[in-house]
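Dear colleague,

I am handing over a structure that you have not worked with before. Please look through the sequence and the model first, and then read the notes that follow.

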Amino acid sequence: MIVVVALHLIQVFLYGAYKKPREATWMVGVGLLLLTLGYGSSEAASPFPIVSRACASVFRLLSGPYNKGFMPAELACIEERCRARFPITDIIYNCPKCGGLLDAVYPDPPPAADLRALWLGRRTSNAPLDQSGVWRFREFLPFLPNYDSVVTLREGNTPLLDAPQAARYGGLDRLTFKHQGFNPTGSFKDNGMTCGIAQALRLGKRRVACVSTGNTSASMAAYASAAGLQPIIFIPHGNIAYGKLAQALEYGARTLQVEANFDQILALVRRLAERLDIYLLNSMNPFRIEGQKTIMVEMMEQRDWRPPDWVVLPGGNLGNTSAFGKALREMKAAGLIGRLPRLAVVQAEGSAPFYDLWRAADRSRLNPVVHPQTLATAIKIGDPVSWPKALREVEASHGVVEKVTEQEIADAKAIVGRCGIGCEPASAATLAGIRKLTAAGSIPADADVVAVLTGNVLKDPDYIYRYHTGDLKSPSGARIEPNYGNRPIMVPNDEAQIAAILDSQLGNTPKQG
Ligand code: F0G
């Protein structure tokens, strides 16, 4: 960063001396002062944070006209009436002025053709940073001064899979899944976590924490431990899938099970974070969102930069919706894609505050669902923190928000399984939503659709077994029909009887040979 600021000073000086010598001298002076006070130094805070911040504002104001394309990364409040800016190293999760959510903002990226060539070239590299499906696209998330603090488990690099059977079920001619369950800890959280952990290390933090319905905690535990940080996770007692809890324990996280739901615990942990000097890695952390942007960048690259008509994803705390929308807008602004795909966000019926907001006449305030209910525990969230960002993105993309029932999720999940692909319950909300949206005529059958499967099939094996054996019950107690069930068959240890059973079940298959 120091080099960047120094280069900047030279740039300002040369350009300024040519055009406006007096102002240029001024700015070089201010710049030197900034350097001395530590603004923009790579490590956490300057010794004089208030003076330093004031200098930063003055510097920005003065150097604006000379400085197009050379601004540092910053945090910006998303609220239109505020738009306050803060140094990228400030440890804030909301705008200190108005409470709004924060975005990381950057100078314009290099030209689109250069980026495409650079990113493609890195695919053959053996450097860890280039092998990461997040950091390969690092020019699109330039919030670090250098990459010394990056820990990668080779996240991202997830496939686009054609699924003809799921397409038919969903009422489409063709459907592609972008499967984030192929990530190191089995969910899309890894894309964001490598960035959140890099920022924690850069800030000199030792402890990181999150509240989670399971996947964030599994991911944070893995990345924090790999980075030598102390992971602390807070989970709603009895409400997370065993696969996820098991991961957190195995990766060495201090695990606190709280007798409250996700939304209540998040409020509690936000208060605790400051008191215990813990860096929070929930999705209101803007650096997590930066990492999750690469899911869309990688998808576009895999499609040779041809945008689909629709991107469909499940909505819980709405971080992913925010990340996808930001990525798509930034890619369009950079000339990497020519148009925005439409976002379709799907929620579970008993946990659908964003759907209600979308349908409301007044979208200025979200009414939380006080007791959210769904077996898709990953998206069992009644008061999604990122709703203002998500709303901005769904509106900007001319998207939609849909909700689906427990039965619809369960059946769609079994269909994804039958494609040989598989996913966890929350992910299957996408296919259930597509089926509903095509039936309603909102998505035409010939639309080009990518659905994002957010988590691996093994995250929630209990759900799978219960569904296939007819033992799955919705939160209201209603039985979920195993419409695509596949019950295991008990057989005696007897060759003739097994052959007879298989004959009757599978039909008589002629002997080969
Ligand atoms: N799908 C899966 C598998 C998830 O784990 C989550 C969120 C979502 C979808 C929803 O994503 O919150 O960005 O809208 N899981 C979080 C967690 C809340 O704690 O693991 P979102």
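This is a predicted model: local features need pLDDT of at least 70, side-chain atom pairs count only at pLDDT 80 or more; totals for chains, interfaces and linings use all residues.

On the α11 side the contact is made by I289, E290, Q292, K293, I295, M296, V297 and M300, while α12 contributes G319, N320, S322, A323, F324, K326, A327, L328, E330 and M331. Sorted by class, the residues in the contact of α11 with α12 are 10 nonpolar, four polar and four charged.

A second pair of helices is α15 (residues 406–418) and α16 (residues 425–439), whose axes come within 7 Å and cross at roughly 100°, which makes α15 roughly perpendicular to α16. Here E408, I409, A412, K413, I415 and V416 of α15 meet P425, A428, A429, L431, A432 and K436 of α16. The contact of α15 with α16 has nine nonpolar and three charged residues, with no polar ones.

Turning to the sheets, six strands form an open sheet in the order β4-β5-β13-β10-β11-β12, and the pairing in it is mixed. Its edge strands are β4 (160–162) and β12 (400–404), each of which pairs on one side only, and the twist from one strand to the next averages 25°. Within this sheet, strand β11 (residues 342–348) pairs with β12 in the parallel sense over five bridges, and the bridge partner of A344 in β12 is V400. Helix α15 packs on the sheet, where α15 touches β5 (176–179), β11, β12 and β13, and its direction makes about 95° with that of β12.

Another open sheet has four strands in the order β8-β7-β6-β9, with parallel pairing. Its edges are β8 (254–258) and β9 (279–280), each with a single partner strand, so one side of each is left without a neighbour in the sheet. Strand β7 (residues 230–236) is joined to β8 by five bridges, the two running parallel, and I233 stands opposite T255 in β8. Helix α8 (residues 215–227) lies across β6 (207–211) and β7, at about 170° to β7, whereas helix α9 (residues 242–250) lies across β7 and β8, at about 145° to β8.

With a relative accessibility of 0%, L102 counts as buried. Leaving aside residues up to four places away in sequence, L102 touches A76, C77, I78, F86, I92, Y93, N94, C95, P286 and K389. The C-alpha atoms of L102 and A76 are separated by 5.4 Å, although the two residues are 26 apart along the chain.

For the protein chain as a whole, the secondary structure comes to 18 helices and 13 strands, and 54% of its 513 residues count as buried.

Terms used
Residues are numbered from 1 along each chain as its sequence is written. Side-chain values use heavy atoms; hydrogens and water are left out. Contact means heavy atoms within 4.5 Å. Ala, Val, Leu, Ile, Met, Phe, Trp, Tyr, Cys and Pro count as nonpolar, Asp, Glu, Lys and Arg as charged, and the others, Gly among them, as polar. Two strands pair if DSSP finds at least two bridges between them. Axes are lines fitted to C-alpha atoms, for helices over the stretch in contact, and angles run from 0 to 180 degrees between N-to-C directions. Buried means under 20% relative accessible area, exposed over 50%, partly exposed in between (1.4 Å probe, protein chains only). Angles under 35 degrees count as roughly parallel, over 145 as roughly antiparallel, 65 to 115 as roughly perpendicular and the rest as oblique.
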